[in-house]
Amino acid sequence: MPVRATKRGAERTPLDRDCDVLICGASFAGLAVARQLAGSGRDVLIVDRYEVGEKQTSACAAPTEWLDRLGLRGAIQQTFSRLVVHTPKGTSTWPLPWSFSTFDYRTLCALLFEQTDATFDTAKVDGRSGFTVHTDRGDIRSPLIVDALGWRRVLGAGANVQPPEAFLSRGLEVHPDGSGEDLELWLDPSYVRAGYSWSFPADTELRVGVGSFEPRDHVKEPTLRLAQDVDVPAVRFQGNWIPHKLRKAVDDGIFFAGDSAGHCLPVTAEGIRTALYFGIAAGQEIRAVLDGAQSREQALMRYGAFSDSHAWKFLWLKRVQNLVSRVNPTPLMPVAIRAMSNERLLRWAFDHYLEIAPPPPANAARSARATASHELAPMRAL
Ligand SMILES: Cc1cc2nc3c(=O)[nH]c(=O)nc-3n(C[C@H](O)[C@H](O)[C@H](O)COP(=O)(O)OP(=O)(O)OC[C@H]3O[C@@H](n4cnc5c(N)ncnc54)[C@H](O)[C@@H]3O)c2cc1C
């Protein structure tokens with residue numbers, strides 16, 4: 001039986017308070033915002049319904065350089081410099097111009113949290129009236145509120161996002177004990193018509209799953225089948241909805257970062273790097289408010305514009321996603337796969353892809369505790 005770390009019973013005291021910044025969600029986006037506020041001398045509160053790092057939200061693979069630059073190397077489990085792609089017609093190996101690493105979620109969140117000086121408390125966020133956030137433990141008031149709560153966008157002005165009507169993909173994976181040498185993908189319509197399947201080794205565990213761009217297509221049966229095909233037991237399930245359309249990053253005075261703002265990339269469903277990237281950007285703008293360098297309204301405007309400036313890149317990836325959904329079951333797919341075996345084309349594609357959310361400067365980890373100002377500089381020049 002897994003031990004639940006979240007406070008229960010008598011430990012669950014009322015939480016009714018004010019704070020300078022309230023960050024709702026203690027995963028990639030929320031913790032990235034908080035690290036930019038370290039050293040501000042202000043009362044920064046993070047709330048999440050689970051303890052920090054308690055409940056893994058992904059297969060946890062990200063570009064190694066991103067993890068390095070944020071001082072998160074200690075969480076890395078395995079590093080891969082090639083991608084093995086299986087199709088019904090055969091297997092190709094793509095050398096990666098930059099490597100990906102799998103990491104331990106709990107360790108990564110702990111390392112990120114160490115870079116903050118925020119207070120953390122467990123509470124389930126239910127909604128918001130103006131600048132008061134309602135939780136199952138009471139109301140929290142703050143002039144600066146961040147929704148980093150994931151795809152549901154709990155603090156949005158309208159109703160929460162609901163599948164299957166919303167622009168959402170869905171993913172499900174199992175985490176059996178096991179080991180492997182390669183990051184493996186299956187572009188195989190026998191598992192999923194519009195989407196892909198994967199097996200990511202992480203030290204003594206494999207993360208084996210299926211993602212569908214079509215929210216109405218079920219992923220449990222193909223996940224079970226893939227697990228059987230790669231000869232691992234289907235145990236320890238982890239799954240969720242994944243946004244594949246950019247949403248407004250500011251709304252009604254609230255900052256949204258990560259999946260709540262639709263920052264997960266279409267086609268690849270890579271959302272960790274972008275949650276960190278936009279979380280840092282939101283944190284920089286909020287930090288400037290705390291330092292007296294700009295007003296809340298200016299921060300909202302600048303962060304909203306920054307997120308919007310990426311819209312065309314997200315749109316292009318969405319077009320590729322639509323194309324993949326169409327070519328997957330046709331003879332065009334092997335042609336596309338063969339084209340990607342061309343090293344120059346592969347490098348061009350991967351470099352452009354990384355540029356959508358490039359890693360922060362090399363000394364970002366050190367600077368985060370002392371001052372965020374050097375990271376602020378490039379963005380504030382917008
Ligand atoms: C099966 C699967 C595998 C994936 N694999 C990868 C991968 O390998 N690499 C990659 O880059 N992306 C991957 N993704 C996408 C990635 O997980 C997300 O894009 C990423 O987690 C977004 O980060 P976030 O911080 O915005 O939100 P999340 O990581 O979803 O965090 C949201 C936080 O808010 C908390 N929360 C939610 N609602 C409430 C509430 N009402 N009250 C209080 N707290 C609440 C949650 O507990 C959680 O801590 C995967 C997604 C799925 C579903």
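**View 1. Aromatic pairs, starting with F113 and F120.** There are 14 aromatic pairs in this predicted model, counting rings of Phe, Tyr and Trp (its six-membered ring) whose centres lie within 6.5 Å. One of them joins F113 and F120 in an edge-to-face arrangement, at 6.4 Å centre to centre with 80° between the planes. As for the labels, planes under 30 degrees apart are stacked, those over 60 are edge-to-face and the rest are tilted. F113 is partly exposed because its relative accessibility is 25%, while F120, at 15%, counts as buried. The cut-offs here: buried is under 20% relative accessible area, exposed is over 50%, and partly exposed is in between (1.4 Å probe, protein chains only).

A word on the ground rules: this is a predicted model, so local features need pLDDT of at least 70, side-chain atom pairs count only at pLDDT 80 or more, and totals for chains, interfaces and linings use all residues. Residues are numbered from 1 along each chain as its sequence is written, and side-chain values use heavy atoms, with hydrogens and water left out.

**View 2. Y277 and F306, a tilted pair.** The two rings sit 5.6 Å apart, centre to centre, with 40° between their planes. Y277 belongs to helix α5 (residues 272–290) and F306 to helix α6 (residues 296–308), so this pair ties together parts that are 29 residues apart in sequence. Helices here are DSSP runs (H or I, at least four residues), strands are E runs of at least two, and both are numbered from the N terminus. Y277 is buried at 13% relative accessibility, and F306 is buried too, at 9%.

**View 3. Helix α1 against helix α3.** Here α1 (residues 28–35) packs on α3 (residues 105–114) at about 20°, with the axes 9 Å apart. The axes are lines fitted to C-alpha atoms over the stretch in contact, and angles run from 0 to 180 degrees between N-to-C directions. The two helices are therefore roughly parallel; that label takes angles under 35 degrees, with over 145 roughly antiparallel, 65 to 115 roughly perpendicular and the rest oblique. The crossing of α1 with α3 is left-handed, as the near helix is turned anticlockwise from the far one by less than a right angle (clockwise would be right-handed). On the α1 side, F28, L31 and R35 meet Y105, L108, C109, L112 and F113 of α3, where contact means heavy atoms within 4.5 Å. That contact splits into seven nonpolar residues, no polar ones and one charged. In this scheme Ala, Val, Leu, Ile, Met, Phe, Trp, Tyr, Cys and Pro are nonpolar, Asp, Glu, Lys and Arg are charged, and the others, Gly among them, are polar.

**View 4. Positive phi at D203 and A269.** Most residues other than glycine have a negative phi. D203, in the loop between β14 and β15 (205–212), has a positive phi near 65° and is partly exposed at 44% relative accessible area. A269, in the loop between β18 (254–256) and α5, has a phi of about 55° and is partly exposed at 31%.

**View 5. D188 and P88 in space.** D188 sits in the loop between β13 (183–186) and β14 (195–202). With a relative accessible area of 12%, D188 is buried. D188 and P88 are 100 residues apart in sequence, but their C-alpha atoms are 6.0 Å apart.
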